[in-house]
Amino acid sequence: MPLALLLGWGDLVGMRAGAAKIMCDGMNRSLPAVILGGFGTEAGAVQTSEGLEHTEIQLDGAFQALDDAQKVMITPGYGLAVASAALGVLAMASASGAWIPALCLAHVFGAVVYGLRLGGFLYWRSVTWSEWGKRAQNAPEAKAKSIVAKIPVVLLCSLLYACMCSPILWHAKVANAIPGGYLPVVITGVGMQWLGAALEAVADHQKSAYKATDAGKTRWCDAGVYARCRHPNYLGELAFWFGTFLAGVPAMLVAGAGSFLPAALGLVFIAKLMTSQCGKQDEKQAGRYGEQKAYREWVANSGSLFPKMA
């Protein structure tokens with residue numbers, strides 16, 4: 001599996017990213033905002049972090065909207081692109097005929113489970129917006145653009161997703177050449193990867209469930225994992241990608257120093273994105289709830305990205 005396969009598979013993933021960009025335009029949301037997984041807004045007619053309004057409906061309303069729709073389009077986005085990349089690596093490794101160690105499989109399937117979960121969650125969120133169709137039609141960004149204008153988006157996302165997923169590729173490529181002394185590093189990385197994916201899933205579920213309650217319609221979410229951490233979903237996202245990187249470090253040491261460059265670029269990007277979004281979300285919530293004493297007490301007793309212990 002030469003390095004060229006990394007970018008080759010990235011091109012395929014990037015095509016899915018192009019579809020994700022179109023989906024984001026239809027939702028009046030930016031690609032980074034969708035990448036974050038969860039929306040963190042109140043039920044009913046509310047504004048997104050981009051200052052654009054959407055209206056949430058319950059599951060039965062979503063089924064009715066799908067039933068009434070004249071046309072339904074399903075597009076793979078960020079989550080499914082990651083799952084697709086991991087499955088592509090697995091397919092290439094299987095085609096080589098080499099034996100794939102259990103830890104390598106856990107590394108690969110961690111990305112598959114993460115991607116499928118996130119893709120399913122984002123799709124569920126999209127079909128619970130009553131104004132989905134209208135927003136998609138009225139959004140100026142949703143109007144047809146030339147292929148030339150879309151090529152940079154596809155290429156950039158191809159490179160980005162390939163870099164982020166590259167530790168998995170290197171692991172699959174040299175899995176049988178990794179010295180036994182590095183196994184604790186791989187185990188730690190895989191454990192962090194799965195723990196991060198689980199934390200993000202729990203955080204997304206708890207926040208969505210809270211926002212569906214009467215209290216959640218007019219109040220910030222401080223229930224469950226949000227009691228001591230204001231953005232546990234972002235923490236889970238970071239833990240997933242740091243674990244994905246760490247589990248691939250022994251393989252990259254075997255493959256050579258050059259293999260660290262794309263992996264490090266991907267990790268720096270996602271770390272910068274998550275940390276900057278924490279600040280932006282804190283600022284937005286402070287503007288909305290900052291005058292309430294209970295909110296200020298919650299902020300004082302919780303951390304933005306990492307939990308604040310009592």
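Analyst: Residues 24 or more positions apart make up 79% of the chain's contacts with a separation of 6 or more, where contact means heavy atoms within 4.5 Å. This is a predicted model, in which local features need pLDDT of at least 70 and side-chain atom pairs count only at pLDDT 80 or more, while totals for chains, interfaces and linings use all residues. Residues are numbered from 1 along each chain as its sequence is written, and side-chain values use heavy atoms, with hydrogens and water left out.

The chain has eleven helices and two strands, taken as DSSP runs numbered from the N terminus (helices H or I, at least four residues; strands E, at least two).

Helix H5 (residues 102-127) meets helix H8 (residues 183-211) with axes that come within 10 Å and cross at roughly 15 degrees, the axes being lines fitted to C-alpha atoms over the stretch in contact and the angles running from 0 to 180 degrees between N-to-C directions. H5 and H8 are therefore roughly parallel to each other (angles under 35 degrees count as roughly parallel, over 145 as roughly antiparallel).

H5 also packs with helix H9 (residues 232-255), at an angle of about 160 degrees and with axes 10 Å apart, so H5 and H9 are roughly antiparallel to each other. On the H5 side this contact is made by His107, Gly110, Ala111 and Tyr114, and on the H9 side by Glu237, Phe240, Trp241, Thr244, Ala247 and Gly248.

Notes. Parallel < 35°, antiparallel > 145°, perpendicular 65-115°, else oblique.
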